[in-house]
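Trainee: Before we look at the model together, may I put some questions to you about its aromatic residues, its packing and its backbone?

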Amino acid sequence: VTFEDEVLPALAAFYAERGHLNVPRAYVVPSDAKGAMAGTKLGLRVDRMRQRGDFVRGDATRLAALDAIGAATGETFAWDSEDWVFYKQVIPSLRYYIKAHHKNNVPAGYETPKEDEAYSAANNLKPYNRGYALGQRVNDIRAKGTFIDGRPDRFDALHGVEFVWDDEEFYFRQNILMGLLVFRRSRGHLHVPADFVFGDTIQDSWRPSKVQERFPLIVMPHLRGFELGAAVAQIRHLRFRDRDPQLAKARIKQLDKIGFIWDLRAWHFGKVFLPTLRWFVTKHGHVAVGKSLTIHYSAVAKDGAPTEAIGRDFGKMFTRFIETLDFSSGWSGADRARACERTLNVITSSLRRAHKRTTNRRSGSDGDGARVVTEKQKKRTDAIIERLSDFEAIRDAEQPSAEQPSADDRDDDDDDDDDD
C-alpha cells in the first residue's frame, strides 16, 4: 500500500462523498472504486496513522497533504475521532438547536433536520451534521459521561452552550416554574385552567382589551405551545409521589413559595369568595349582591377588589352559595357549616366597617364612605344573615337546603346589579 497512490486518493474520495475526514476504523473503499485504491482498508490505514504515525511520521509534506484535502471547506484530517465528533458534530448541533428552538434542553429523540428549508445563513449546519442524532448523544453525555470523562476542556465547552445536565430539573424550572410566574403576572393568581396552553401572547387581566390588542404580552419562545394546565393538574394529582421524597419535598416548597394552588375548592372559597365578599360588603354596606356582578380589572385598580377576583362572576357565585349553602359540590354537612360560619363572620365584620365608614362620612371625616343602603337591601341582608346562622341545621342536613330568602326580599335584582 502506497500513500500517494492509494491512501491519499482514497481519503480524497471519502471526503468528496462524506464532506469530512473522520474515517471510521471499519471503512473499506468500495471494490468498484477507480484505480489502486479499490478495496483499500482505509479505516485501518487511518487508524494506524493516528496511533503509530504510519506513512506520515517525520514527513511534513505528507502531513500537509492530509489537511489540504478538505481545505476548501475548512476540514482538516481527524487525528482524534472522538474529538472530531464532539467538536465538529455535538457542539455545532447543540448551537443550532438552541438558536432554532430558543431553548437548550434537547429531547432524547431529537435529530437535526435533513431538509434545506430548516436552515438559514444565520443558523446552518454542514451537510454531515444534517440528520444527526443529537438527542441520543446528549442522553449519552448525561447518563454515561460520554466524551467528558477525563476531558475538562469538553466539559467547559458544554458549559459554554449552557448544556442541560438534568433534563427533569430543567423542565421543572424553565417550563413549570417560569410558566406559572408568567401566568400569575398576567392573571394575578395561579388558578390555571386545565386546558390552558401558552400561545405567542397571553391575555393580561390588568389592562383594557384595546390596550392588549395594541401591546400584547409576548410569551417567551420556549413556553409557546406548553400545556401548563395539564402539567399543573398532574402535579396537583400526584404531588410528586412518583419522585424521590427529598426531591418531592423541595419542589413542593418551591411551588408553595410562589403560591401554587393545591386545593382548588379551598382556594376558591378562601382566596376568591370570602375576600371579594369582604370587599363588597365593606364598600356597599349590604349583602344584596346582584346576580350579574362580574369583577373587572377596574374594580381592583380603583376600588381595591382582590386581584384573584378579576373576571369572576361573583354575583352567580354568591347567589349559588346562598341558595344551596354548599360552596363546593360534595362538601359534608360539617364543611358546609364551617363555610357558612366563616361567611357570616366576614359579613358581620365587614358590615361594622361599612357602618363606621358611613358614620365618618356623615361627620365629614371620610369622603369615601359607603353608599346609602335601601330598605330592600337591608331586608335581604338580614334574610341572608339569618339563613347562614343556623349552623346546627346546616351541619345535620343530608343535602344542601334549597330554601332561599323570601321572594319579597329578592324579587328584583336589577336594583342591586349596579353595585360593581
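Trainee: Are tyrosine 96 and tyrosine 119 buried or exposed?

Mentor: This is a predicted model, in which local features need pLDDT of at least 70 and side-chain atom pairs count only at pLDDT 80 or more, while totals for chains, interfaces and linings use all residues. Residues are numbered from 1 along each chain as its sequence is written, and side-chain values use heavy atoms, with hydrogens and water left out. Taking buried as under 20% relative accessible area, exposed as over 50% and partly exposed as in between (1.4 Å probe, protein chains only), tyrosine 96 and tyrosine 119 are both buried.

Trainee: Which kind of aromatic pair do tyrosine 96 and tyrosine 119 form?

Mentor: Rings of Phe, Tyr and Trp (its six-membered ring) pair if their centres lie within 6.5 Å, and planes under 30 degrees apart count as stacked, over 60 as edge-to-face and the rest as tilted. For tyrosine 96 and tyrosine 119 the distance is 4.9 Å centre to centre and the angle between the planes is 35°, which makes the pair tilted.

Trainee: How many residues apart in sequence are the parts that this pair ties together?

Mentor: Helices (H or I, at least four residues) and strands (E, at least two) are DSSP runs, numbered from the N terminus. Because tyrosine 96 lies in helix α4 and tyrosine 119 in the loop between α4 and α5, the pair ties together parts whose separation in sequence is 23 residues.

Trainee: Why does the pair of phenylalanine 77 and tryptophan 79 have its class, and which class is it?

Mentor: Phenylalanine 77 is buried, with a relative accessible area of 3%, whereas tryptophan 79 is partly exposed, at 37%. Their ring centres are 4.6 Å apart and their planes stand at 70°, so the pair is edge-to-face.

Trainee: Which residues have the most contacts inside the largest nonpolar core?

Mentor: A nonpolar core is a set of buried Ala, Val, Leu, Ile, Met, Phe, Trp, Tyr and Cys residues joined through side-chain atoms within 4.5 Å. The largest such core has 62 residues, and those with the most contacts inside it are Leu180, Leu255 and Phe273.

Trainee: Which helix gives the largest share of this core?

Mentor: Among the elements that give two or more residues to this core are α7 (167-187), α10 (245-257), α11 (264-284) and α14 (333-363). The largest share, nine residues, comes from α11.

Trainee: Which residue has the charged end that sits over the ring of phenylalanine 172?

Mentor: A charge sits over a ring if NZ of Lys or CZ of Arg is within 6 Å of the ring centre and within 35 degrees of the ring normal. Arginine 239 lies over the face of tryptophan 262, at 4.3 Å from the ring centre. For phenylalanine 172, at 4.7 Å from the ring centre, the residue is arginine 251.

Trainee: What is the phi of phenylalanine 147 near?

Mentor: Most residues other than glycine have a negative phi, and most peptide bonds are trans. Phenylalanine 147 is placed in the loop between α5 and α6, and is buried, with a relative accessible area of 6%. Its phi is positive although the residue is not a glycine, with a value near 80°.

Trainee: What is the phi of leucine 325?

Mentor: Leucine 325 lies in the loop between α13 and α14, and is buried, with a relative accessible area of 6%. Leucine 325 is not a glycine, yet has a positive phi of about 55°.
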